[in-house]
Amino acid sequence: MSIRIKICGLRTPDDARAAAVNGATDIGLVFFPKSPRHLSFAAAAAVAAAAPPGIRRVALTVDPTDDDLTALLQAVPVDLLQLHGHESTARVAAIRAAHGVPVMKAVGIASVADLDALSAYMAVSDAVLVDAKPPADGDLPGGNGLSFDWRLLVGRTWPVPWMLAGGLRPDNVAEAIRLTGAPGVDVSSGVESAQGVKDATLIADFCAAVRSA
Ligand SMILES: O=C(O)c1ccccc1NCC(=O)[C@H](O)[C@H](O)COP(=O)(O)O
């Protein structure tokens, strides 16, 4: 099975080229002003333009309004919207219906109780990102380089496409895939040389490790 690889938080056209040449299937563009990975629409459009055809361009937003989304989708070519805030299941369904773009909801997992929320979001999303929860006092809802206990996912299968995220790195992603059976993986901090700075060698190492799983 070929595993989807999303490299999230790209900031430059070179980042997009490094992701593509190493076999990434998805690139993530962050629209969250507090993030070191935040992009203006113009910068995001330049990164998206550097991705070859076939790469899925994922726009990451946090509790967006409909006006936010309309402006974003007019300015940047987007294949999938990632919702990474506190959007309710009803809000996810409304966004999906209103904006004509498939939606991937990020769901934070810390304990088995969180798997109920995961199922609920799967019912209203085109895909789900299964991520670690952010620290309670942190500034970022994601992209914190933190893992959750992957054993919570062992033996579970879901009917909706999903990606595993949270603290993945070149040295642990193969184990994470073997344990969880994830059909896709998402990484940000684990392929950075400094916060918000992607490293082409780490991207290559990460993609090679996924292929080895
Ligand atoms: O990456 C960010 O700065 C960010 C900001 C606001 C909301 C979400 C954000 N990132 C979410 C992602 O999709 C990350 O790739 C995912 O949480 C995994 O991150 P990491 O643990 O750093 O690999």
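Trainee: What makes β1, helix α1 and β2 a right-handed β-α-β unit?

Mentor: A crossover is right-handed if, with the strands pointing away from the viewer, the path from the first strand over the helix to the second runs clockwise. β1, helix α1 (residues 13-21) and β2 make such a right-handed unit. Helices (H or I, at least four residues) and strands (E, at least two) are DSSP runs, numbered from the N terminus. Keep in mind that this is a predicted model, where local features need pLDDT of at least 70, side-chain atom pairs count only at pLDDT 80 or more, and totals for chains, interfaces and linings use all residues. Residues are numbered from 1 along each chain as its sequence is written.

Trainee: How do you know that β1 and β2 pair?

Mentor: Two strands pair if DSSP finds at least two bridges between them. Strand β1 (residues 4-8) is joined to β2 by three bridges, and the two run parallel. Lysine 6 stands opposite aspartate 26 in β2. β1 also pairs with β8 in the parallel sense, over four bridges, and there the bridge partner of lysine 6 is aspartate 186.

Trainee: Which strand pairs with β2 over six bridges?

Mentor: That is β3, again in the parallel sense. Valine 30 has leucine 60 in β3 as its bridge partner.

Trainee: Why is β2 called largely enclosed?

Mentor: A residue is buried if 20 or more other C-beta atoms lie within 10 Å of its own, exposed if 12 or fewer, and partly exposed in between, with C-beta atoms placed from the backbone. Six of the six residues of β2 are buried, so the strand is largely enclosed by the rest of the structure. In a regular strand the side chains alternate between the two faces of the sheet. Here both faces of β2 are covered: Asp26, Gly28 and Val30 are buried on one side, and Ile27, Leu29 and Phe31 on the other. β1 is mostly covered, with four of its five residues buried.

Trainee: Is arginine 57 buried or exposed?

Mentor: Arginine 57 has 21 C-beta neighbours inside 10 Å, so it counts as buried. This residue lies in strand β3. Its C-alpha atom is separated by 6.4 Å from that of leucine 80, 23 residues apart along the chain.

Trainee: And what makes aspartate 63 partly exposed?

Mentor: Aspartate 63 has 13 other C-beta atoms within 10 Å, so it falls in the partly exposed class. Its place is in the loop between β3 (56-61) and α3 (66-75). Most residues other than glycine have a negative phi, and most peptide bonds are trans. Aspartate 63 has a positive phi of about 45° although it is not a glycine.

Trainee: Why is β6 described as largely enclosed?

Mentor: Five of the six residues of strand β6 (residues 127-132) are buried, so the rest of the structure largely encloses it. From β5 the chain crosses through helix α5 (residues 114-122) to β6, in a right-handed β-α-β crossover. Strand β5 (residues 103-109) runs parallel to β6 and is joined to it by six bridges, with methionine 104 opposite alanine 127. β6 also pairs with strand β7 (residues 162-164) in the parallel sense, over three bridges, where leucine 129 stands opposite methionine 163.

Trainee: How many residues surround the ligand, and which are the closest?

Mentor: The ligand is surrounded by 27 residues, and the closest are Cys8, Ser35, Gly142, Gly143 and Ser189. A residue is near a molecule if its C-beta atom, placed from the backbone, lies within 6 Å of it. The elements that give two or more residues to this shell are β2 (26-31) and β8 (184-187).

Trainee: How do you know how confident the predictor is?

Mentor: pLDDT is the predictor's confidence in each residue, from 0 to 100. The protein averages a pLDDT of 97, and 100% of the residues score at least 70. For the complex, the predictor gives an ipTM of 0.98 and a pTM of 0.97.
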